[in-house]
Amino acid sequence: MDVAHCNLDGNADAVEFCPHDSYHHVLAASTYTLQEGDRPSRAGSISLFNVDADLGRLDLFHRIETAGIFDIKWNPVGGSVSPLLAQADADGYLRIHGLECCSDEARAGFSLREITDEKISSAMCLCLDWNPSATSITVGLSDGSVSIASIVESQLETQELWKAHDFEVWAASFDTHQPQLVYTGSDDCKFSCWDLRDGPSKLAFQNTKVHTMGVCCIVKNPNGPNTVLTGSYDEYLRVWDVRSISRPVNETSICLGGGVWRIKYHPFVSGLVLTACMHNGFSVVKINGDKAEVIETYSKHESLAYGADWHREKSFREGKRNSTLVATCSFYDRLLRLWMPESVLQDSVL
């Protein structure tokens, strides 16, 4: 069921609901727009929205202009750290913004202020992920490198930088259960894992045979220490058993009809994932052991499906049924949509 929609000021590539308590209504959306000409540039923005699912409202309350953005992510919940939003951009910077309350009546609500930045490389920063304690961020770069940046007293500092792949690194993520491990994926079709305890260039494993095209995204199951999901331009979502970290097993795969650009686990429904499938819209997939099944698709976007996220509220009341709100965005049509999957009824899947 469609709830609300709007157009952004640039090509939309990522949407992220804030996971922190008291901020679940805040949705961030980022853009990347290549401005061609004699002096081409890559421009971007971050837009913050107030989401009211009950009223079907999607209200913009803050926007900042930036370099072209490839990825954004909020810091994990835990400790006393307030909401922080990290961006990976085309200028080779990793930047962190803090979500702050506005005190004056004219600007009631929240705003985003840049707290710190770090020039990671002359190459473009394509993807990022926080470690579970929000003390480090891994970044994938357009020259095939991967970086680890630490956050100490609100300052970023590059700790490690190594050549991990032959081409662009579109996926770099920490293992949430073993944060000394970092998974990476690239246009070279390689799915790799690095053990940071043994030096950044020490491979724990590298699979070169399963993905027939570039690896776009890698996500660890937050509720299952042995399961990792990968998405690829070859249109397959793959389920991996990483119990033996030196020899991961591809348990099952499912074709989603488009390059699997982004994968998001449901925040509280086990085994349920939302996927952005580039030329084939969005899919909700149920994973149970070695079985994967598409239970719903969404095709109201008319361009590349790139951004997707679940709302963090426990439930949304639709008549007498509980469902979950979803935000999705598409690239060239600059469209941001809020909708509720009709198949994801918490009473039936929990």
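Analyst: Lys 73 is buried, with a relative accessible area of 19%; here buried means under 20%, exposed means over 50% and partly exposed lies in between, with a 1.4 Å probe and protein chains only. The model is predicted, so local features need pLDDT of at least 70 and side-chain atom pairs count only at pLDDT 80 or more, whereas totals for chains, interfaces and linings use all residues. Residues are numbered from 1 along each chain as its sequence is written, and side-chain values use heavy atoms, with hydrogens and water left out.

The side chain of Lys 73 meets that of Asp 71 in a salt bridge, at 2.9 Å from N to O. The term denotes a side-chain nitrogen of Lys or Arg within 4 Å of a carboxyl oxygen of Asp or Glu. Asp 71 also counts as buried, because its relative accessibility is 3%.

Gln 87 belongs to strand E7, residues 84-89; strands (E, at least two residues) and helices (H or I, at least four) are DSSP runs numbered from the N terminus. With a relative accessibility of 0%, Gln 87 is buried. Its side chain is joined to that of His 97 by a polar contact of 2.8 Å and to that of Asp 89 by one of 3.1 Å. A polar contact is a pair of N or O atoms within 3.5 Å; within protein, one must be able to donate a hydrogen and the other to accept it, and residues adjacent in sequence count only if both atoms are side-chain atoms.

Arg 57 and Asp 59 meet through their side chains at 3.1 Å, N to O. Arg 57 has a relative accessible area of 40% and is therefore partly exposed; Asp 59, at 27%, is partly exposed as well. Glu 100 pairs with Arg 113, and their closest N and O atoms are 2.7 Å apart. Because Glu 100 lies in strand E8 (residues 93-102) and Arg 113 in strand E9 (residues 109-119), this pair ties together parts that are 13 residues apart in sequence. Glu 100 is partly exposed at 29% relative accessibility, and Arg 113 is partly exposed at 43%.

Salt bridges that share partners also link Glu 16, Lys 264, Asp 309 and Arg 312 into one network. Within it, the side chains of Glu 16 and Lys 264 meet at 2.6 Å, N to O. The total found by the salt-bridge rule is 17.

Domain 1 contributes 33 residues to its contact with domain 3, which contributes 31. The size of an interface is often given as the accessible area lost when the parts come together. Between domain 1 and domain 3 the buried area is about 2,700 Å², with 58% of it on carbon and sulfur atoms; buried area is the accessible area (1.4 Å probe) that two parts lose on being put together, summed over both. Met 1, Val 15 and Phe 17 supply 26% of the area that domain 1 buries against domain 3, more than any other three residues.

Three salt bridges cross the interface of domain 1 and domain 3, as do 17 residue pairs in polar contact, both residues at pLDDT 80 or more. Among the elements that give two or more residues to the side of domain 1 that touches domain 3 are strand E2 (12-17), strand E4 (41-52) and strand E6 (69-74). The residues of that side divide into 19 nonpolar, seven polar and seven charged. In this grouping Ala, Val, Leu, Ile, Met, Phe, Trp, Tyr, Cys and Pro are nonpolar, Asp, Glu, Lys and Arg are charged, and the others, Gly among them, are polar.

Technical notes:
Contact means heavy atoms within 4.5 Å.
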